[in-house]
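Trainee: Please walk me through this model, one feature at a time. Give me the general idea before each case.

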Amino acid sequence: MSPDENHKILFEPVKIGPKTTKNRFYQVPHCNGMGHRWPRTMAEMRGVKAEGGWAVVCTEECSIHPTSDLTPATLMRLWDDSDLPVHELMVNKVHEHDALAGIQLVHNGLSVSNYLSRMPALAPSAAPTETSNSTQARGMDKSDIKALRGWFRDAALRSRRAGYDIIYVYAAHGIMTLLFQFLLKRFNQRTDEYGGNLTNRVRLLREVLEDTKDAVGHDCAIALRFAVDELLGEDGMNKAEAQDIVGSLAELPDLWDVNVADWGNDSLPSRFGTEGSQEEYIKFVKQTTSKPVVGVGRFTSPDTMVSQIKRGVLDLIGAARPSIADPFLPNKIQQGRSDEIRECIGCNMCTSGDFVAYPMRCTQNPTMGEEWRKGWHPEKISKAASNDSVLVVGGGPSGLEAALALSNRGYDVTLSEAASELGGRVLQETSLKPLAEWKRVSDHRTYMLSTRSNVETYVDSALTAEQVLELGCTHVAIATGARWQTNFIGAHHRQPILGAPPEMVLAPETILSGSAVSGKVMVYDDDHYYLASAIAEHLAEAGHEVVLVTPDADIASWTHNTLENAHIQTRLRELGVAIICNHAVKSVKQKSVTLACVYIGAETTVGVDAIVPVTSRKSTDGLYSELMEIPQQWSDHGVQSVTRIGDSFAPGTIAMAVYSGHAYARNLNTPTDYHTLFKRENDFDTHKFLESPRI
Ligand code: ADP
Ligand code: SF4
């Protein structure tokens with residue numbers, strides 16, 4: 001199969017300095033929580049993307065020196081030669097598939113912990129570090145600047161030795177990079193030739209670019225990653241200064257990789273922005289330079305990509321999240337299978353890997369991070385060794401993913417869903433407008449299942465235990481989900497709150513189903529992820545007076561890990577939602593809720609017409625329990641196994657439900673024990689771990 005005629009432009013080569021890409025698909029640098037700590041996991045993940053058709057596959061940010069130590073985050077390092085094997089591992093995987101490998105070298109300046117190195121942080125001018133632990137960064141003197149230029153040069157030379165094709169100079173993402181800190185008046189109060197006017201503030205960036213070109217520019221392409229706007233107006237990088245900077249450095253790099261800052265604006269969650277949202281900020285760059293330009297915008301539609309190129313916005317289609325959700329996106333477009341793209345939903349579950357320091361996971365792509373340690377490939381799965389049939393009960397994310405992966409393995413699958421439409425909790429939650437794009441989780445799987453001849457799908461089919469057995473499938477996967485509890489049990493309340501008038505307490509499902517609610521509503525968040533804030537937003541948009549209460553010190557606190565928190569805080573305040581933190585529900589009476597301070601117990605009573613507790617969910621496991629009570633009847637109907645998956649086994653995120661469904665399908669009729677669950681990277685003898693020199 002070949003690409004749609006209109007999409008052929010996406011497969012043209014692009015020259016970047018001494019290198020040429022095989023097409024316009026460019027995986028920009030993105031962190032993954034694997035980095036130097038889980039190098040094989042990282043390398044295999046990058047290799048799979050190269051296999052999926054990305055012409056360029058880059059690392060995440062790679063620290064050049066122990067004064068830029070991000071511990072406990074798990075990113076790349078290139079401090080000395082002992083780091084090279086990790087890089088070679090990745091470069092080789094990328095080159096195996098005829099793609100170019102890029103490395104994003106960084107010094108993070110004052111945006112570091114240095115918990116491992118215990119060295120003082122460096123900054124353009126003395127200032128507190130970003131770790132907020134009473135630690136100050138040292139203002140750099142001339143010898144520090146000279147040393148920094150040397151570290152960048154050494155790292156560039158090492159990068160070339162590791163085999164990288166594209167070497168980044170990184171001045172983006174606001175406060176995260178030292179070279180960007182030098183550009184900004186709020187960090188740079190120097191009075192020498194590196195501070196003051198813009199020419200001076202750009203000087204170090206220019207010097208590092210020139211040094212890098214001088215060191216490796218004959219063999220490697222030099223990319224400059226630059227944030228053209230911090231969306232802070234006069235206080236930050238803004239259009240006027242960015243235009244001057246791009247104008248003055250226009251022809252120096254071989255490639256401009258441009259975006260907006262901070263990271264939460266760059267990897268904008270779908271709740272707060274759509275595909276291509278950066279265009280208005282970055283589009284001037286291509287008019288200012290003759291060098292190729294790459295940019296991101298959570299691009300998943302080939303038509304949008306083509307439009308970006310034809311309208312002269314970008315030369316290369318940059319992607320982090322779309323390449324995570326579907327590493328084979330380029331190949332699918334090339335093969336005329338765009339309808340099969342597993343589109344990123346913009347939930348940013350993937351960014352939590354960096355914040356929490358674990359191997360990244362993805363809501364849409366359950367194989368992400370499992371390529372090496374479990375041998376899971378996003379497009380390949382072992383064929384079924386038997387003619388067994390499988391009944392999947394429940395068409396939420398776990399049931400849908402299980403059915404799809406089982407069908408890919410060649411099993412005959414029957415999928416039965418009680419509701420009139422597939423999707424389960426995804427269908428419910430995406431009735432909230434801000435979460436609408438998350439429906440791609442069920443849309444993709446529902447569409448793919450509709451193309452399969454070995455899957456029979458039934459809706460409006462709530463099955464009883466008797467009916468399950470009558471269907472006579474060899475294996476039964478129970479994916480019946482979970483329901484929100486209304487007894488207030490949650491992370492804070494381990495016991496139910498008794499005595500609440502039932503008409504005062506609305507389950508989240510009541511709001512999600514669009515039932516009429518009247519008056520002032522309290523949303524109580526003891527779940528700490530996205531749903532309570534999304535319900536509060538939805539109710540406020542609908543004209544309700546809303547108060548959001550949480551026992552936590554912050555609302556939706558886990559969404560710091562998904563880059564949603566600042567946006568949520570802003571939007572709720574703009575909508576006039578009253579926010580009360582550090583308070584737990586004590587009692588609910590007719591038209592009022594009494595709250596107690598979590599520290600001193602001081603009570604406050606708030607008059608409301610209803611309360612929506614978003615606290616915890618209970619598995620819908622009645623069907624499973626019934627089946628487990630009658631195991632003697634299974635064999636009469638040919639049933640060999642009954643297994644709970646997804647929320648009916650353990651309520652969790654949508655990502656966990658998809659993963660659970662996938663794991664079930666992968667492991668059906670295969671031996672699984674502790675040792676085959678996943679491989680660990682602690683075999684020092686087979687991987688060339690090198691002892692570093694003392695630094
Ligand atoms: P998960 O996140 O684990 O996929 P969901 O709650 O999203 O779980 O989906 C569970 C689905 O199972 C819901 O759509 C629900 O209607 C369906 N379901 C629950 N019980 C039955 C049943 N007995 N027969 C068929 N479908 C059921
Ligand atoms: Fe997209 Fe969510 Fe997957 Fe990240 S986790 S790539 S935002 S679907």
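Mentor: Start with the element names. Helices (H or I, at least four residues) and strands (E, at least two) are DSSP runs, numbered from the N terminus. Two ground rules follow. This is a predicted model, so local features need pLDDT of at least 70 and side-chain atom pairs count only at pLDDT 80 or more, while totals for chains, interfaces and linings use all residues. Residues are numbered from 1 along each chain as its sequence is written, chains are lettered from A and ligands numbered from 1 in the order in which they are written, and side-chain values use heavy atoms, with hydrogens and water left out.

Trainee: What is the phi of Asp 98?

Mentor: Near 65°, a positive value in a residue other than glycine. Asp 98 lies in the loop between helix H2 (84-95) and strand E6 (100-106). Asn 114 also has a positive phi, near 50°, and is not glycine. Find Asn 114 in the loop between E6 and strand E7 (122-123).

Trainee: At 3% relative accessibility, does Asn 114 count as buried or exposed?

Mentor: Take the cut-offs. Buried means under 20% relative accessible area, exposed over 50%, and partly exposed in between (1.4 Å probe, protein chains only). Asn 114 counts as buried because its relative accessibility is 3%. Asp 98 is exposed because its relative accessible area is 59%.

Trainee: Where is Glu 210 found?

Mentor: In helix H5 (residues 198-216). Its relative accessible area is 36%, so Glu 210 is partly exposed. Now compare sequence with space. Glu 210 and Leu 252 are 42 residues apart in sequence, and their C-alpha atoms are 7.6 Å apart.

Gly 519 also counts as partly exposed, at 37% relative accessibility. Its place is the loop between helix H18 (508-512) and strand E20 (521-525). Gly 519 and Ala 43 are 476 residues apart along the chain, with 54 Å between their C-alpha atoms.

Trainee: Which backbone oxygen lies 2.8 Å from a polar atom of the side chain of Ser 533?

Mentor: First, the term. A polar contact is a pair of N or O atoms within 3.5 Å; within protein, one must be able to donate a hydrogen and the other to accept it, and residues adjacent in sequence count only if both atoms are side-chain atoms. Here the backbone oxygen belongs to Tyr 530. Ser 533 is in helix H19 (residues 531-541). At 1% relative accessibility, Ser 533 counts as buried.

Trainee: How many residues are around ligand 1?

Mentor: A residue is near a molecule if one of its heavy atoms lies within 4 Å of it. Around ligand 1 there are 22 residues, and Ser 398, Glu 417, Arg 425, Leu 463 and Asp 647 come nearest. Read the ligand's oxygen contacts next. One is 2.6 Å from a side-chain N or O atom of Glu 417. Another distance is 2.7 Å, from a ligand oxygen to a polar backbone atom of Arg 425. For Asp 647, the distance from a ligand oxygen to a side-chain N or O atom is 2.6 Å.

Taken alone, ligand 1 exposes 580 Å², and the protein buries 87% of that. Such areas come from the Shrake-Rupley method with a 1.4 Å probe.

Trainee: How many cavities of 30 Å³ or more does a search of the whole structure find?

Mentor: A cavity is a set of points, on a 1 Å grid over the protein atoms alone, where a 1.4 Å probe fits but cannot get out; lining residues have an atom within 4 Å of a point. The search finds 5. H11 gives the most, with 3 residues.

Trainee: And what about the second largest cavity?

Mentor: That cavity holds about 80 Å³ of space. It is lined by 14 residues, and Cys 344, Cys 347, Asn 348, Cys 350 and Cys 362 are the closest to its centre.

How values were computed
1 Å grid on protein atoms, 1.4 Å probe; cavity = no way out; pocket = protein on both sides within 12 Å on 5 of 7 lines; lining within 4 Å. Points joined across faces, edges and corners; volume = space filled by probe spheres on them.
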